[in-house]
Amino acid sequence: RSKQSTGMGTSALSKKPWWTLPENFHAPMVFHMEEDQEELIFGHGDTYLRCIEVHSHTLIQLESWFTAKGQTRVTVVGPHRARQWLLHMFCCVGSQDSCRHDQGLEMLERVRSQPLTNHDLVASISVPPYTGDLSFASRISGNICLSVPQPSPYQVIGCSGFHLSSVYL
């Protein structure tokens, strides 16, 4: 019996590790998150950062910014669906809607404890459009790009001009 599918960390066509494929770095997801949200997701002293990166097949850079709100700039690179899944998780964790918040905490526990599967990624993408609670929009801001990258001179910079409420589902 031959394997038809590959792990999330490899490309189906090339079977190369995700980090060797340039398209996974063309359009990084960049946004700002409040410090308390960062600590909830990544743990005190970013304890869970490495396991979230490994389990989501992404690289995540956290940079503290000196703002009145104590924000952290978050940059995520990796496969498109993994970035999309993480954004969905970040938004759910930050939601004031208790059902969405609980869903986000479940997603957070999953990515902390085990590698994401293709099934996880597809299930996250098939969630109905999000039109309700925009409370997280006040806790997260910046340039978010979830489009599949196309060759362009702007890819090195990333996508700009998007706001969470207009980009996320």
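Visitor: Where is His-57 found?
Guide: His-57 is found in the loop between helix H2 and strand S2 (59–64). Helices (H or I, at least four residues) and strands (E, at least two) are DSSP runs, numbered from the N terminus.

Visitor: What kind of model is this, and how are residues numbered?
Guide: This is a predicted model, in which local features need pLDDT of at least 70, side-chain atom pairs count only at pLDDT 80 or more, and totals for chains, interfaces and linings use all residues. Residues are numbered from 1 along each chain as its sequence is written, and side-chain values use heavy atoms, with hydrogens and water left out.

Visitor: Is His-57 buried or exposed?
Guide: His-57 is buried, because its relative accessible area is 17%. Buried means under 20% relative accessible area, exposed over 50%, and partly exposed in between (1.4 Å probe, protein chains only).

Visitor: What is the phi of His-57?
Guide: The phi of His-57 is near 55°, a positive value in a residue other than glycine. Asp-46, also not a glycine, has a positive phi of about 60°. Asp-46 is found in the loop between helix H1 (35–42) and helix H2 (49–56), and it is partly exposed at 27%.

Visitor: Changing topic, how many disulfides are there?
Guide: The count comes to 0 disulfides, a disulfide being a pair of cysteine sulfur atoms within 2.5 Å. As for cysteines, Cys-51 is partly exposed at 21% relative accessibility, and Cys-99 is exposed at 61%.

Visitor: And how many residues of H3 are buried?
Guide: In H3, 13 of its 14 residues are buried.
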